[in-house]
Amino acid sequence: MADFDKESFKKDVINNVKNLFRKTIDEATQEQVFQAVSYAVKDHIIDRWIATQKAYEEKNAKTVYYLSMEFLMGRALGNNMINLTCYEQVKEALAELGFDLNVIEDQEPDAALGNGGLGRLAACFLDSLATLNYPAYGCGIRYRYGMFKQAIENGYQIEKPDNWLKNGNPFEVKRPEYEVEVKFGGYVATECREGKNYFVHKDYQAVRAIPYDLPIIGYGNNVVNTLRIWDAEPVQEFNLNSFDKGEYQNAVEQANLARNIVEVLYPNDNHYSGKELRLKQQYFFVSASVQRAILKFKENNADIHDLPNKVTFQLNDTHPTVTVAELMRILVDEENLEWDDAWDITCRTCAYTNHTIMAEALEKWPIDLFQKLLPRVYQIVDEINRRFVLKIEDMYPGNQDKVRSMAILYDGQVKMAHLAIAGSYSVNGVAKLHTEILKKRELRDFYEMRPEQFNNKTNGITQRRFLLHANPLLADWATKKVGDGWITDLPVLEGLKKYATDKKAQKEFMDIKYKNKVRLAEYIKEHNGIDVDPNSIFDVQVKRLHEYKRQQLNILHVMHLYNELKANPDMDFEPTTFIFGAKAAAGYKTAKLTIKLINSVADVINNDKSIKGKIKVVFIENYRVSNAEIIFAAADVSEQISTASREASGTGNMKFMLNGAVTLGTMDGANVEIVEEVGKENAFIFGLSAEEVMKYEKDGGYYPMDIYNSNPKVKKVLDQLVDGTYSNGDKELFRDLYDSLVMKDVYFTLKDFDSYADAQKRVNKAYKDKANWAKMVMLNTACAGKFSSDRTIEEYAQEIWKLEKVEVTL
Ligand code: 26M
């Protein structure tokens, strides 16, 4: 970074420690130095932030508002320094002050305002938008408590609150001047003025929405975009004396509403819970974000009809879908547009991304709940639905099936996906296979009605965080081989292909992998107290715990392998460390029991001297963005073993690939495209195809009992779930897992078992051929270019958002 002066940076840090903590630098704790360094870095951000926003305003550039209930940002300091291109300079400055930058970075809590894939994708998108010079806001909620911290006690998951704001957030800026009011409850009255009917919302409860802005720094281009997260404050602090009874009650309720609304992230992933507070959260941040966006638009534009030329609201799944109705409310009630006019604008301003085909994730709100909480918005949804149903009937006269499958209001429910599709000009899936399944099955009727609305945008990840920051050794190596162009143009890594068969390069690459495995082994020793051998295969499955992701398949196979080794201790087998990391939704029993099973299996196997440490099983506690960065860099094998058709895309698969791991996976989500890029000879693919799975499902499933009865290996591991092998003799502990696998096996775990075990064998054998293994993993890194979120964002920007790049000079 050109405007970085090491000596003045050191002075800034020393000064910040004094001002913030009344201490000299040698008295300060590492955490206090973290704060001081962050403020010193923020000094370098702020002028760029101001300049960027000025440049956008001058150009009156079209802006995308990425509306998301989740932004899984992880830590900011390291990433901010990377993107300002001052990481090495700060590292040196701190070393001279006697501090280790790694230790300083470790002081920062993760900003875990998200569950998993969907939230992390939003974070990667913000990084790419800023790096590609696109005007963008992320809009979300400033949860007081983010994703819970996971502790493992006696093998069980315990959830601990994540008080991430405890020591303040050095990078955020409160913007009280941009507060808006959001209204809940009450009723709608009609008033007639000058012959026109007006809808007036009465007797409501209001909260003040206060924005906090976080800087999103583009890589080396002076761009700083904004992630705006909303806090809630009560409209009036209630004062015991100044209210009559009714007013007092209302004041208390309003204050409680403000307190509750932003309190905590719902820790569900791919599962809808139907809680009223969740709908409050959705409307709260949507209404605040849309109101603010319209106010800003009106500062620079005279005609509201220009809105679609200047603004897109991108809806991250159905969670912010109420945007469609809220925008209509503002256009009709506040801008006084006619319905058709308003609807035309709305449908050209909103776009929707679908992230899942899991039926239990579909958001459907009971009409009475929705109507009571948002009476005016409900009236609007009702009218949208009335007109939409007329359109369906017009297209398919007399076909009630179509109405049933497409209406927004049906069976006493508000179907958020249907509202999102009806009110959007674009509907996209997140990988080719996923989009095809949406078009052919899940959303077939909508696709038939308006095929041009549907498109695919295969997900991506940011190489700035997941290679440059997470894996500095490999990043430096790649830069030495092909230059540093890959940092903003990932396909440049293709230049590494020619080294894949070069003996010297292979050794360099594998030495780096080894060092990263040592780093992870140290982390595991420190956090789990388990010794693992960096020379063993690191086989890794890290992701949310869900039956469809099939951690059960993985652990059942480990149990099987252990049986084999016990029976045949001299079996030809390359020692393997099976690494898991996963949080289970707090109320998801089967998922929590699977965590207990993994830990129980780990206990038995890790302590059995007879297998000479050939298998180790490790469950990494509290998997999150910050330790993910260490884990991906150290992996040899990437477990992507979802039931085909269920994982919309996956993005962990891409992070492993980029860091030189081979995929062991099903033909699901983006795995299909990974294989397309790297070649099937450089991946280990197994299992039913999506089509096969869907065919079984259409025909009512299959009989897992047949497999149990005919496959002795499968029978043995299943029996071990209920014979006390992994539960100190307790035959009931894992009974529910046994029952659901043997009776139903909804996720085809037994069906895919043999094929998975065979793929594992192929992996183990392939690892022995050191040269070929090196070639395979190097080709994975070299072929990862497609999976940059820069590519994804260019596609969104050009094909959906129609944005133009804005240059920023200081
Ligand atoms: C819904 C209702 C109430 C509470 C929580 C939810 C909810 C939260 C998160 C539902 C779904 C949520 O996330 C789904 C998700 O993460 N989907 C993943 O999206 C990734 C990015 O597109 C894909 O790569 C994954 O395949 C997909 O599972």
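So, Tyr410 first: the bridge partner of Tyr410 in β17 is Gln413. Strands here are DSSP runs of E, at least two residues, and helices are runs of H or I, at least four residues, numbered from the N terminus. The β16 and β17 strands, the latter being residues 413–415, pair in the antiparallel sense over 2 bridges. For two strands to count as paired, DSSP has to find at least two bridges between them. They belong to an open sheet of 3 strands, ordered β15-β17-β16, with antiparallel pairing. At its edges you have β15 (364–366) and β16 (409–410), and each pairs on one side only.

Before I go on, a word on what we're looking at. This is a predicted model, where local features need pLDDT of at least 70 and side-chain atom pairs count only at pLDDT 80 or more, while totals for chains, interfaces and linings use all residues. Residues are numbered from 1 along each chain as its sequence is written, and side-chain values use heavy atoms, with hydrogens and water left out.

Okay, the other sheet. It's open too, with 6 strands in the order β22-β21-β20-β23-β24-β25 and parallel pairing. Because β22 (615–619) and β25 (684–685) stand at the edges with a single partner strand each, one side of each has no neighbour in the sheet. Further in, β20 (residues 537–542) and β21 (residues 576–581) pair in the parallel sense over 6 bridges. There, Asp539 stands opposite Phe578 in β21.

Now the domains, with bounds from an automatic or database domain assignment. We get domain 1 (1–59 + 76–109), domain 2 (62–73 + 111–459 + 794–801) and domain 3 (480–689 + 747–787). The C-alpha centres of domains 1 and 2 lie 34 Å apart. Even so, 23 residues of domain 1 are in contact with 27 residues of domain 2, contact meaning heavy atoms within 4.5 Å.

And where is the ligand? Domain 2 and domain 3 both give residues to the shell around the ligand, so it lies between them. There are 22 residues around it, and His355, Asn459, Glu647, Ser649 and Gly650 come nearest; a residue is near if one of its heavy atoms lies within 4 Å. Helix α6 (residues 117–131) gives the most to that shell, with 3 residues. By class, the shell has 7 nonpolar, 10 polar and 5 charged residues. Nonpolar covers Ala, Val, Leu, Ile, Met, Phe, Trp, Tyr, Cys and Pro, charged is Asp, Glu, Lys and Arg, and the others, Gly among them, are polar.

Let's look at some distances to ligand oxygen atoms. A polar backbone atom of Gly650 is 2.8 Å from one, a polar side-chain atom of Asn270 lies 3.2 Å from one, and for a polar backbone atom of Ala648 the distance is 3.3 Å. Taken alone, the ligand exposes 610 Å², and the protein buries 98% of that; areas are Shrake-Rupley with a 1.4 Å probe.

Last stop, Glu794, which is found in helix α32 (residues 789–801). Its side chain makes polar contacts with the side chains of Tyr134 at 2.6 Å and Lys805 at 2.7 Å. A polar contact is a pair of N or O atoms within 3.5 Å; within protein, one must be able to donate a hydrogen and the other to accept it, and residues adjacent in sequence count only if both atoms are side-chain atoms.
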